Amino acid sequence: MAYTIDLKGKIALVTGGASGIGYAIAEGFQEAGAEVIVTAQSDESLEKCVEKTKFGTLRKLKLDVTNDISIEKIFDEINELHILVNNAGRIKRGLEYRIEHFADVINTNLMGVMRMSHEALPKLALTHGNIINIASMFSFFGSPMSPGYTASKTGLVGLTKSLANGWSEHHVRVNAIAPGYIETKLTKVLREEDEQREKITERTALKKWGVPEDIAGAAVYLASDRASYTTGTTITVDGGYSIT
Ligand SMILES: NC(=O)c1ccc[n+]([C@@H]2O[C@H](COP(=O)([O-])OP(=O)(O)OC[C@H]3O[C@@H](n4cnc5c(N)ncnc54)[C@H](OP(=O)(O)O)[C@@H]3O)[C@@H](O)[C@H]2O)c1
């Protein structure tokens with residue numbers, strides 16, 4: 001019999017899952033049998049999000065991870081939860097030396113994860129569920145253009161360890177994935193600059209940018225019972241960017 005990963009009967013919430021990496025993770029979860037709820041912050045992204053995938057129908061909800069009322073509302077609409085993917089994130093390249101932009105990025109990428117995880121805990125404790133946080137290469141390197149993003153993603157690796165340790169008593173696992181450079185709307189500006197795009201391709205050991213589906217495999221694994229002894233860790237999926 002083939003080696004399988006089975007998420008049948010599981011319900012997953014993927015923040016920022018209406019596009020990019022989150023959408024690919026949502027499809028991966030569906031392929032493994034889970035029911036998936038995806039969110040976006042804007043009406044535009046929600047409308048653009050194609051809810052019928054190859055593997056089923058996604059439930060779409062609006063969510064702002066910086067807003068407590070929006071978070072409470074979404075958890076009111078979800079009865080049962082087995083998997084939370086904290087994927088929503090933003091970068092304000094070139095602006096983050098200004099404190100208001102620095103704070104905005106930290107508020108979304110780091111505090112947003114804490115808010116969501118805290119609200120999800122009672123439901124996850126009931127199902128012995130798990131959390132996956134989407135970190136970054138800038139969890140390990142310092143971006144000169146994005147100090148807020150770097151601080152938020154470095155903090156996320158520490159937060160992942162802390163929550164994994166703290167919530168093991170509730171049988172809730174907490175892990176992270178650090179993607180390399182992936183072709184999504186978040187990196188569109190970077191890909192449009194020829195020099196930047198080539199520099200990244202050249203440095204990456206596999207000599208190419210990643211696609212969102214490259215991240216989904218790690219997420220499906222971490223979400224599943226195959227990873228039942230894995231908690232507090234960050235898996236790097238970067239085509240070898242960080243080893244060169
Ligand atoms: N692409 C890469 O190379 C790369 C590398 C490492 C890590 N990451 C991380 O991967 C995650 C997904 O990014 P992506 O590349 O797939 O880009 P993306 O398609 O732009 O996805 C980002 C998502 O986050 C949502 N979002 C932003 N602010 C939010 C808020 N305050 N509340 C709720 N949702 C919010 C966006 O909603 P709207 O569309 O409505 O604004 C969007 O759905 C991010 O955490 C990013 O930092 C990306």
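## Legends to the close-up views

**Figure 1. Lining of the largest cavity.** By class, three nonpolar and five polar residues form the lining of the largest cavity, with no charged residue among them (Ala, Val, Leu, Ile, Met, Phe, Trp, Tyr, Cys and Pro count as nonpolar, Asp, Glu, Lys and Arg as charged, and the others, Gly among them, as polar). The model is predicted: local features need pLDDT of at least 70 and side-chain atom pairs pLDDT 80 or more, whereas totals for chains, interfaces and linings use all residues. Residues are numbered from 1 along each chain as its sequence is written, and side-chain values use heavy atoms, without hydrogens or water. The lining consists of Thr15, Val65, Asn86, Asn87, Ala88, Thr108, Gly112 and Val113. Helix 4 contributes the most to this lining, with three residues. About 30 Å³ of space lies in the largest cavity, and the structure holds one cavity of 30 Å³ or more. On a 1 Å grid over the protein atoms alone, a cavity is a set of points where a 1.4 Å probe fits but cannot get out; lining residues have an atom within 4 Å of a point. Volume is the space filled by probe spheres set on the points, which are joined across faces, edges and corners.

**Figure 2. Surroundings of the ligand.** The ligand is surrounded by 29 residues, of which Ser19, Ser42, Ser45, Tyr149 and Thr184 are the closest (a residue is near if one of its heavy atoms lies within 4 Å). This shell divides into twelve nonpolar, 14 polar and three charged residues.

Figure 3. For glycine 16, the distance from a polar backbone atom to a ligand oxygen is 3.4 Å. A backbone N or O atom of isoleucine 182 is 2.8 Å from an oxygen atom of the ligand. Of the 880 Å² of accessible area that the ligand has on its own, the protein covers 94% (Shrake-Rupley method, 1.4 Å probe). The elements that give two or more residues to the ligand shell are helix 1 (20-31) and helix 5 (147-166). Helices (H or I, at least four residues) and strands (E, at least two) are DSSP runs, numbered from the N terminus.

**Figure 4. The second largest pocket and histidine 128.** The second largest pocket holds about 230 Å³ of space; a pocket is an open set with protein on both sides within 12 Å along at least five of seven lines. It is lined by 18 residues, and those closest to its centre are His128, Gly129, His171, Arg173 and Ser228. Five nonpolar, ten polar and three charged residues make up this lining. Histidine 128 is placed in the loop between helix 4 (99-127) and strand 7 (130-134). Although not a glycine, histidine 128 has a positive phi of about 50°.

**Figure 5. The loop of lysine 207.** Lysine 207 lies in the loop between helix 7 (194-203) and helix 8 (213-223). The phi of lysine 207, which is not a glycine, is positive at about 55°.

Definitions and conventions:
Polar contact = N/O pair within 3.5 Å; in protein donor to acceptor, adjacent residues only side chain to side chain.
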